[in-house]
Amino acid sequence: MQKIICKDYEAASRKAAEILMAELKKKPDMNLGLPTGSTPIGMYKTLIAEGADLSKVTTFNLDEYYPILKSNDQSYEYFMRRNLFDALPPKEMNIPNGEAADPAKECLRYDAAIEAAGGLDVQVLGIGQNGHIGFNEPGDALSVGTNHVQLTENTIDANSRFFASRDEVPTSALTLGLGGIMKAKKIIMIATGKEKAKAVAEIFSGKITTQNPATVLQLHADVTVIMDEEAAANL
Ligand code: GLP
């Protein structure tokens, strides 16, 4: 696993955008896995400022709340349009459908769509305070394929800052599984802020635990973790 420690959030965002733009140069028609959350917003801003070319790219988002209307301003579909796709439309965007009538079927459809597109070339990830990636939460077991998960209290608390009240945070989500993430050819994680320091230290510990899903990344051959000094504080 490659570690890149940057001074602050801005520098980490710029670094992530630079690495991604270099990958886009190599493969302009790549299949690109994208995250939401507050962390990648700086990278998205830099991609927009630099005029990155996504016109040949097929995107697959990591996750979506369930159930949620696409028009809800807290849906990840809405987030992606507002923070990236309105400015830089990709050739095709895919996001798990928070409006699907049957979540289990939607999970299977999503994995099949990624497979049919030829798999993910690059997966960009954030990380939750408890080590969740996508919405793969800590627990006794981790899922391989796209799955319908109940969110932990910790994640509901952390994400409640985006909603008018905690009660409005959806309690479940559809997320790419650990297998789907690990199948990406290249993984770029961005972790910033002191709240992430503990989870980040564990992903360099040499130990894998389902209590920190991101520790599984240690088994992947091509992972770059871009941190700010606060997130790297416990390394
Ligand atoms: C959410 C998303 C994750 C994201 C995490 C961290 O729960 N599902 O993909 O990595 O939160 O969010 P933030 O970047 O806001 O700390």
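In which pocket does the ligand sit? Select the ligand to begin: it sits in the largest pocket, where sitting in a pocket requires more than half of a molecule's atoms to lie within 2 Å of the pocket's grid points, and a pocket is an open set of points on a 1 Å grid over the protein atoms alone, where a 1.4 Å probe fits and protein lies on both sides within 12 Å along at least five of seven lines. The model is predicted, with local features needing pLDDT of at least 70 and side-chain atom pairs pLDDT 80 or more, while totals for chains, interfaces and linings use all residues. Residues are numbered from 1 along each chain as its sequence is written, and side-chain values use heavy atoms, without hydrogens or water.

Next, select the surroundings of the ligand, which 13 residues make up, the closest being Ser-38, Thr-39, Asp-63, Arg-161 and Lys-196; a residue counts as near if one of its heavy atoms lies within 4 Å.

Now show side chains, looking for N or O atoms paired within 3.5 Å. An oxygen atom of the ligand is 2.4 Å from such an atom in Thr-39, a nitrogen atom of the ligand is 2.7 Å from one in Asp-63, and an oxygen atom of the ligand is 2.9 Å from one in His-132. Of the 390 Å² that the ligand exposes when taken alone, the protein buries 95%, by the Shrake-Rupley method with a 1.4 Å probe.

Finally, select Tyr-66 and Pro-67, whose connecting peptide bond is cis, with omega near -10°. Most peptide bonds are trans. Along its principal axes, the C-alpha trace of the protein spans about 45 × 40 × 35 Å.

How values were computed. A polar contact is a pair of N or O atoms within 3.5 Å; within protein, one must be able to donate a hydrogen and the other to accept it, and residues adjacent in sequence count only if both atoms are side-chain atoms. On a 1 Å grid over the protein atoms alone, a cavity is a set of points where a 1.4 Å probe fits but cannot get out, and a pocket is an open set with protein on both sides within 12 Å along at least five of seven lines; lining residues have an atom within 4 Å of a point.
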